[in-house]
Every structure is written in structure tokens, then in C-alpha cells.
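User: I'd like to learn how to read helix packing and strand pairing in a model. Can you walk me through it?

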Amino acid sequence: MDEIIRLDHIKREFHVGDEVVRALRGVSFTITRGEFVTIMGTSGSGKSTLLNILGCLDVPTSGEYYLDGISVREMSKNDRATLRNRKIGFIFQNYNLLAKTTSIENVELPLMYNRDVSHAQRRERAVNALKEVGLGDRLMHRSNQLSGGQMQRVAIARALVNDPVIILADEATGNLDTRTSYEVLALFQRLHRDGRTIIFVTHNPELAAFSSRTITLRDGRITSDVRNEKLASAAEVLAAMPKEEEE
Amino acid sequence: MDISNLLKICIKALLNNKMRCFLTMLGIIIGVASVIAMLAIGNGSKQSIRSEIGSMGSNMIMVSPGNGRFGGVRQSGSSMQTLKLSDYESIVKQSSYVDKITPTVSASGQAIKGSNNTPTTIYGTNEQYLDIRGYEIASGSCFTESDIQHAAKVCVVGQTVVDELFSDGTDPLGQTIRFNQIPMKIVGVLEPKGYNSMGMDQDDLMIAPYTTVQKRILAINYIQGITCSALSEEYSDQAIDEITKILQTNHNIRIGQENDFNVRSQQEMMETLSSVMDMLTMLLAAVAGISLIVGGIGIMNIMYVSVTERTREIGLRMSIGAKGRQIMLQFLIESIIISVAGGVIGVVLGVLASKLIGLFGTATAVSTFSIVLSFLVCVFTGVFFGWYPARKAANLNPIDALRYE
């Protein structure tokens, strides 16, 4: 199986005043193509630090990190920016869409930073990504005209548009109500079935049931790493929920 | 990311904050417009002064006797008798840069006609004087070469003299008036020229053959000056050099010795006046320039606010692959767009304002130089004041920027 991510004894220390905070104390795991991994941990467990390192926003103090076979630790800032642009799709809790900007422009954004993509290709790929998340009819809506669930789906489309090797979702359902959360989860599961590799970072243990593997962090160390053989379906949960009143 | 993408992003960001963007621009607009208007007013007054001097004959060169000594007593130039008709003749013969030339003598006195009289000045010249000074004959004609040879009692009079002596409206042509008891026949009347920039009435004069003034009025055999014109303005300096050399030879002045004559051109006078005007213009422009700087600080301030306000956006852009350089360019281009757009509007307003001021009577002249200058200053302002905020944006840590509340 293709190895997408390999972490070797990753340590990350922060210096706060005279104190040294050890956010990660030697984390090792590998993630292969097509996995849907939930990284779980309470606040302070080091999951945000881990996510930053996985997303090439930060580099480990020691240990090696290989993304798609490339060692990240020695890379320059600019090279990491390019790596993020080509290989990673980010999804944030608060969507981080550009204000007063249409869905399509938001989705096009990562491709704007890629010289190799022409204007026409950019538009086409953005439209396709939006169709993939079910927003084919919302291309020209501005971000303030969309609901929370729709905004998160635009953000997912933005993460898909550069065809990344890994999608990193940081509490992607954290700001959504239960029903919309399951809708978004169902979307993630569909992407997973289509062969995408997804890392979902959350503090909510309920969500672990929907992913194929759960890594639990505590105090900067992995306390458990289990495969989930019986995948729950978010779509089924959604169907079982009482229908909302149509307005 | 290429420049056209960047431009699109920047314009979009600016349009999202139209009011703020416009107010920031306003600082630049006012600055540029006032710089252009001030320079236009300065240039306009300079040009009107130049053209006034030019109307006196801009390529005119005047030779006058210099200060000298009579037995150890320093004398003023006007009482010197060093310039002779032979000097005039040698300049005529030897010079190549001099176009028209006349010896001059002058006397003040009372012009009388019947019961009317007026104080005026009579200039003794040859017929080329009119061309050199830019006088035109309105009626009649100028005196002739033979009048000069015979020291004929004829004269050409200016309009002021005509008005004073012929207040009843008689045609002055052919009439005889008296100047200091000498009867003189009017053969021509000059086209009025009005007052010059120094407030001198250029029509209050009589012009007669220099021989007449020399012999009949002043009873002298020297001349008081030589007035001539260079071939054109550009040759003024050469002509001055040439005349100086000829006169030095004539007067046996050795190297290192003080000249007993002065050679001056209108050009010099024009330059003196121009330099005064230049100074005034610069002063005006400097005041206006300060407002441009204030406008620039406005840009810097707004760009700072913008960077802070859009910290999350910057974090997002970085996380999806924007390099620091690209973030920096984005903000730099935004500030340049503000300043350049403000500059363009400012130029248009400045030109309009200058035209408007021109309508109210103040001479204005918009120079291409001032437009180019203020435009370049705008671009510079955009870069200079946009640089620091843009660098701040580029140096943000994406992790912190994404979490910024």
C-alpha cells in the first residue's frame, strides 16, 4: 500500500519564557492511501501541534516527517508553501472563506497560487469541486449568503480543488449543528469511498465511529491506535433523524 | 501566481472596502491636485513675466558705459563719455552674432504743442531701434537714413505723448511739436505697447535720429549706449562675448583690467526674475507636497488596519500555499493601486482646478513635468508607505494568523 504520511519519533517543543513545553513527545505512525483517520485528543493533548506539523505549517523539533515520500523537516518556508499548495487540502472549523467573495472564487483560490494551472482549467476544476460537494447550483453565491453547512462544503471543495494527497480537517464539524455535522460527515465518508485520504482532527469521541482508524493522543503521546472494522454510516444516521420542517 | 491574478485579488479586496479605499485615496488626490495646481500657478506667472519681458525684445543686448575714474574720482556710468560712435561702427563691421544695432542717446525734457505740454524722454537712435525694442509704427513711417545724416528735426512719438499733446483729437502726423525749444516734425506714431512688468509706460517716449538728439538737443559727440539684438535668443551669450571683445580692443583694455563698459542682455534679467519665480513655485509645491506625504501616511495607516483585519485571510492564503513574497506583493500592490488611482484622479482634478483658476484671471500653465513628477511621487508613496505593512503581513506565522480572533 502507498505510504502517504510517515512520522518517525516526532518531537515538538515550545519555549515559553524559561519553560519548555513538550507538545509532542515522540509520535510515530504511518498513514497509507485511502485511509480515513480520526486523530482524537482532549485540549492540550498536542493534536493541534500534530496537525500543524502534518500540514507543513510547522516543523518538528526532532524526528522525521515524510509527506508523500518527501522529507519535510529540512525544507525552506517557501518550499513548504508550495508543498502545501500541491499536496494538502485544509479544512478549518471556522471555514475561513474570504468574505464577500463568491463560492467559485473561494474554491479557485489555491489554484491561484499554482502557476501551472491556466485560467480556464482553474474555473473548470473549481466548478467540478463544487459539484462534487453538491453545490453546483451555488457557484455565484457570496460566502455571507450561505448557511454554515454550505460554507463548510465550499471549504471542502476548496480543499479538493488541487487534488491533494491528503485532506486535513481541523474540527470540521465543530461549528455546525448536529444534523449539518452528519451531512458533512457523510460527505467525508463519500470522499473516503472515492479513495481520498483524510485526517480528521477532533475532540469529539462520537465521530471516531465514522472513520476507518482512530489515533488517540494524550499529553503528546499516542495512547491508542485502533482500526475500526465496523464503519458506521453517517448517511444512515442522517436518514434515521427526524426530518426537519420545511420552511 | 502571476501578476494578473494578483491584480484581480487586490482590486477585489479594495472593492470590498470602497468607502475606506476612497477616503484613503482622497489624501493622495488632494495632495496631487494641489501640487499640480500650485505648480501651474507658479509656471503661469513665470510665463507671463517672461512674455512681458519678451515683448520688450527678448534678445536685446544693451551696452552702456561702465564706471570709471576721472582723476581718481569714481564716476557713475551715465556720466562717462567712453562710448563713441566708432564703437558702434566697429560692432557693425566685426560682429557676426548681432542682428540689428543702434547707437542710443537720450534726453528728458518737455514736449510742447500749443497750450499742451508733457514731460517725456526723447531717444536718439537709428531706424533699427523699433525692431530691436519690438515697436510697431501705427501710422506714418519711421525717419530715414538721410534724416540721420542730416540730423533732421523729425521724430516718431508714442501714444501717451500723442494723447497729452493732441487731446483735441487732431491727427499728429505732419504736425510740428517742440522738445526743449527744438521744433520737431512728427513723421510717425507708434503702436501702443502699454506698461511693462516694472510698471514703466512704454508709450511715453519720442524717437528721433541719434544725430539730431546728439547735436541739436544734447550737444555731445559721444553716445550714451548701444542697443542691439542677437540673431536669436540662443546666440545672446555669444553676441555678448563678441561685443565685449570688440569693445575691449577698441578701448585698449588689457587682460585683467576693468572694462569701462557694461554689456547686459534681457536674457539675464529674465533669468533673475525666473529664478525668483522658481523659488516661489518651489515653496508652493513644497507646501502641497507636505499634504501628499500626509496622504501617504494615511495609506500606511489603512494598510496596517487592513493587514490586522485580514490576518485570518493571510493565514488561510499561507496555509493553501501562498508564499510570504506573494502575500507581501498583494498588500504592496493594493497600496500602489490606491496611490496610483488617487494620483490619476488627482492629476485630472489638478488640471481642472488649474484651468478654473485660469478662468478667474490668474495665469496658470500645467506642465507635463509636474504631472509626471506627481505621478512618480504617487507610485513612490504607494511603495514606500505600503512596504512596512506588507512586510508585516508577509512575516506573519500562518499558525498564529489562522487562530487570530
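Analyst: Let's start with handedness: in this predicted model, H3(A) and H5(A) make a right-handed crossing.

User: What angle do the axes of H3(A) and H5(A) cross at, and within what distance do they come?

Analyst: The general idea is that a packed helix pair is described by the angle between the two axes and the distance between them. Here, helix H3 (residues 103-112) of chain A and H5(A) cross at roughly 30°, and their axes come within 7 Å. Angles under 35 degrees count as roughly parallel, so H3(A) is roughly parallel to H5(A).

User: Which residues of H3(A) and H5(A) meet?

Analyst: From H3(A), you have A:Ser103, A:Asn106, A:Val107, A:Leu109 and A:Pro110; they meet A:Val154, A:Ala157 and A:Arg158 in H5(A). Sorted by class, the contact of H3(A) with H5(A) has 5 nonpolar residues, 2 polar and 1 charged.

User: H5(A) also packs with H6(A). How far apart are their axes, and at what angle do they pack?

Analyst: Helix H5 (residues 148-160) of chain A packs with helix H6 (residues 178-193) of chain A at an angle of about 20°, and the axes are 10 Å apart. That angle makes H5(A) roughly parallel to H6(A). As for handedness, H5(A) passes H6(A) in a right-handed crossing.

User: Which residues do the touching in H5(A) and H6(A)?

Analyst: On the H5(A) side, look for A:Gly148, A:Gly149, A:Gln152, A:Arg153 and A:Ile156; on the H6(A) side, they meet A:Thr180, A:Glu183, A:Val184 and A:Leu187.

User: Now strands. What is the strand order in the open sheet of chain A?

Analyst: In general, strands in a sheet pair through backbone hydrogen bonds, and the pairing is either parallel or antiparallel. In chain A, the open sheet has 4 strands in the order E2-E1-E4-E5, and the pairing is antiparallel. Strand E2 (19-32) and strand E5 (70-71) are the edge strands, each pairing on one side only.

User: How many bridges join E4(A) to E5(A), and which residue stands opposite A:Ile70?

Analyst: Strand E4 (residues 62-67) of chain A is joined to E5(A) by 2 bridges, and the two run antiparallel. Opposite A:Ile70 in E5(A) stands A:Leu67.

User: And chain B: how many helices and strands does it have?

Analyst: Chain B has 13 helices and 12 strands. Of its 405 residues, 42% count as buried. For contacts in chain B between residues at least 6 apart in sequence, 82% join residues at least 24 apart.

Definitions and conventions:
Residues are numbered from 1 along each chain as its sequence is written. Chains are lettered from A and ligands numbered from 1 in the order in which they are written. This is a predicted model: local features need pLDDT of at least 70, side-chain atom pairs count only at pLDDT 80 or more; totals for chains, interfaces and linings use all residues. Axes are lines fitted to C-alpha atoms, for helices over the stretch in contact, and angles run from 0 to 180 degrees between N-to-C directions. Angles under 35 degrees count as roughly parallel, over 145 as roughly antiparallel, 65 to 115 as roughly perpendicular and the rest as oblique. A crossing is left-handed if the near helix is turned anticlockwise from the far one by less than a right angle, and right-handed if clockwise. Two residues are in contact if their C-beta atoms, placed from the backbone, lie within 7 Å. Two strands pair if DSSP finds at least two bridges between them. A residue is buried if 20 or more other C-beta atoms lie within 10 Å of its own, exposed if 12 or fewer, and partly exposed in between; C-beta atoms are placed from the backbone. Ala, Val, Leu, Ile, Met, Phe, Trp, Tyr, Cys and Pro count as nonpolar, Asp, Glu, Lys and Arg as charged, and the others, Gly among them, as polar.
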